Amino acid sequence: MDWAQLWEIASEPDNVPIVALLFLVPFYTFYAFRQAFANDRLIGQLEANPAMAKTHHRKVQPWKPGWDREIHVWPFLLRMEFLAAIIVTLILMIWSITLNAPLEEPSNPTLTMNPAKAPWYFLGLQEMLVYFDPWMAGVVLPTLILVGLMAIPYLDANPLGNGYYTFKQRKFAIMAFVFGFLVLWLSMVIIGTFIRGPGWMWFWPGQTWDHNRLIFEANRDLPDIFHITSAPGKGIFGAIVVGLYTILMATFFHKLFTLTPFNRRIYKRMSLIQYVTLQLFLIIMMTLPVKILIRQLFRIKYVWITPWFNI
Amino acid sequence: MPEDLKDQNSGKKGLTALLEEVREEVKVLKEKAAEDVKTLKDPEKTQLYKSIFRVKHDDKPRSRALGVLSNVFLHLHPAKINRDAVAYNYTWGMGGITFYLFIVLTFTGALLMFYYHPSKVQAFRDILYLEHDVPFGKLLRNMHRWAAHLMIITVWLHMFRVFLTGSYKKPREFNWAVGVILMLLTMLLSFTGYLLPDDQLGFWAVTVGTNMARATPLLGHEGPFGAQLGMTPYNDVRFGLLGGSIVDSNALLRSYIWHCIAIPLIAATFMAVHFWRVRKDGGISGPSPVMLESEIKEERKF
Ligand code: HEM
């Protein structure tokens, strides 16, 4: 175990935000879910007891008759904002006094940095480059991530859970988002920071970065395994495989989406366009973990090979 | 009585009268001074104060509300707010902190601009100069850097909280989309700033980043169908971004302009819309009373 190597990465000033993320994200996830479960218990009580549902103020926060439901912004909100500004300023001051922003040698196009890493917030994209060609990882997938995010409000037909933390009432939505944000995006950022070394090779945390290391990755393409050699053959074969994958994933998500009576009710509320778009985004999102799996388990690089693009 | 005597006489009389008058004046002045001292103890009554603040600052509900509503910096707030929304645990203050960091970045960024020239000859030296000679230059640069990183973290956490509270649901669908664009702009701001020190770190990060643009479908010379559409390294989208086929002085100037002028202006505009919509969509979404499954109205919302 090379602790010095691990410390070197973790203490690099530009990596401090990621170390901070390692603590902040679990904390806020816990913080949100604790409130969600508290609300879920209240929802359970109210559903079991319609009389209570009629009279209860329906929040876990305390409330007594006679209390105002609204309070003045000045001073109750403004003082919080002021306090937050002071605390953030203090944190920034201390951070800036103790840690210096990095400055490397002057730029030199003839001297390649190894590894040449993107800024940490784009490491997810750089990590995707391992599994997809640049046009997918660098252009199409980021665009789809943004469009997909913007589409969320128009695809989520579930009216419950608007304005309060809950898990029970939005299981599918929350699991999908947590999978995309925490499991796919953030873990890729962390892998890109802590695990990828020279040559973008995989070094376990604490493994020494060996600049001369070579890995003989005998990657192959799916058509090769089936001894398909002609270009049109590969194209047609790939299209069939991708088609099969799409059908399989769509069926899987359909089963998952209509698992509970409540979800079937939400499904009924959706228009065809809404549902198909939702399916599309989910299927495309799943190509990332699927490609990671087939690469790691079977060393498969491309599935679909055409003269113009490879997937 | 001869005229001159009359004068003398009236002169004598005038003197006492004058003294009397002066005494009278002084008394009035004294009273005025006392009155001034009294108003100074209570400055809210002065014309100066009233002209600046326009409303009383006592703790009457009406004054409190007016104090917020009639102030240009505070008027984005409503006068009153959901009593549970001010607790930290609902919004985590993440949107507000993100905005505060944007202000910090604008301020420190403007100060940095005093010392920075976006040219290959000067840029790197300017950073050295900032670090070693400019008073507090190092602190300034560090604060700008760390606030930028922190802003990306808070933007992500803000999005996470908005999702988990379902705050993108009706009627806030559009504001969520505005937010996604703000997140993109925040990340682009950071990215364009990365090249400006003109060191190895930024140079190679931007080289790696913009190399992906080569592969843009249709618009990049290495992308699918790019070659078929006549794309070369000298006319594709990457060329447009860098102002050349390699990361060089044109790329430095372009990223400087995007970083210091264009993206901040665009982001500020979107923020104005974002905050306006938070208000117009009925303020912060919660914490609102929980809704039960039995209360769903059966209608399609598309
Ligand atoms: C530069 C970036 C951003 C700034 C400065 C900003 C600022 C704010 C502020 C101050 C609020 C008030 C409530 C709060 O503090 O949580 C807010 C609410 C909101 N933001 Fe943002 N935001 C940004 C990015 C985003 C992003 C990335 C999203 C989502 C993708 C988003 C979606 C929303 C929505 C839907 C609301 C209303 C939430 C509610 O009513 O509970 N914003 N934003």
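Guide: Two residues are said to be in contact when they have heavy atoms within 4.5 Å. Helices (H or I, at least four residues) and strands (E, at least two) are DSSP runs, numbered from the N terminus. This is a predicted model, in which local features need pLDDT of at least 70 and side-chain atom pairs count only at pLDDT 80 or more, while totals for chains, interfaces and linings use all residues. Residues are numbered from 1 along each chain as its sequence is written, chains are lettered from A and ligands numbered from 1 in the order in which they are written, and side-chain values use heavy atoms, with hydrogens and water left out.

Consider the pair α6(B) and α7(B) to begin with. Helix α6 (residues 123–132) of chain B and α7(B) have axes that come within 5 Å and cross at roughly 115°; axes are lines fitted to C-alpha atoms, for helices over the stretch in contact, and angles run from 0 to 180 degrees between N-to-C directions. The two helices are therefore roughly perpendicular to each other, on a scale where angles under 35 degrees count as roughly parallel, over 145 as roughly antiparallel, 65 to 115 as roughly perpendicular and the rest as oblique. From α6(B), B:Ile127, B:Leu130 and B:Glu131 meet B:Gly137, B:Lys138 and B:Arg141 of α7(B). This contact has two nonpolar, one polar and three charged residues, where Ala, Val, Leu, Ile, Met, Phe, Trp, Tyr, Cys and Pro count as nonpolar, Asp, Glu, Lys and Arg as charged, and the others, Gly among them, as polar.

The ligand comes next. There are 26 residues around it, of which B:His158, B:Arg161, B:Gly179, B:His274 and B:Ser285 come nearest; to be near, a residue must have a heavy atom within 4 Å. Polar contacts are pairs of N or O atoms within 3.5 Å; within protein, one must be able to donate a hydrogen and the other to accept it, and residues adjacent in sequence count only if both atoms are side-chain atoms. A nitrogen atom of the ligand is 2.8 Å from a polar side-chain atom of B:His274. Oxygen atoms of the ligand take part as well: one lies 3.2 Å from a polar side-chain atom of B:Ser167, and one is 3.4 Å from a polar backbone atom of B:Gly95. Two or more residues of the shell are given by each of α5 (94–113), α7 (137–164), α8 (173–194) and α11 (249–280) of chain B. By class, the shell has 13 nonpolar, 11 polar and two charged residues.

Between α7 and α8 of chain B there is a loop that holds B:Pro171. A cis peptide bond joins B:Lys170 to B:Pro171, with omega about 5°. Most peptide bonds are trans.

Finally, α8(B) also packs against chain A. Helix α7 (residues 134–155) of chain A and α8(B) pack at an angle of about 165°, with axes 8 Å apart, and are therefore roughly antiparallel to each other. Their crossing is right-handed; a crossing is left-handed if the near helix is turned anticlockwise from the far one by less than a right angle, and right-handed if clockwise. Residues of α7(A), including A:Leu146, A:Met150 and A:Tyr154, meet residues of α8(B), among them B:Glu173, B:Trp176 and B:Leu184. That contact has 13 nonpolar, no polar and one charged residues.
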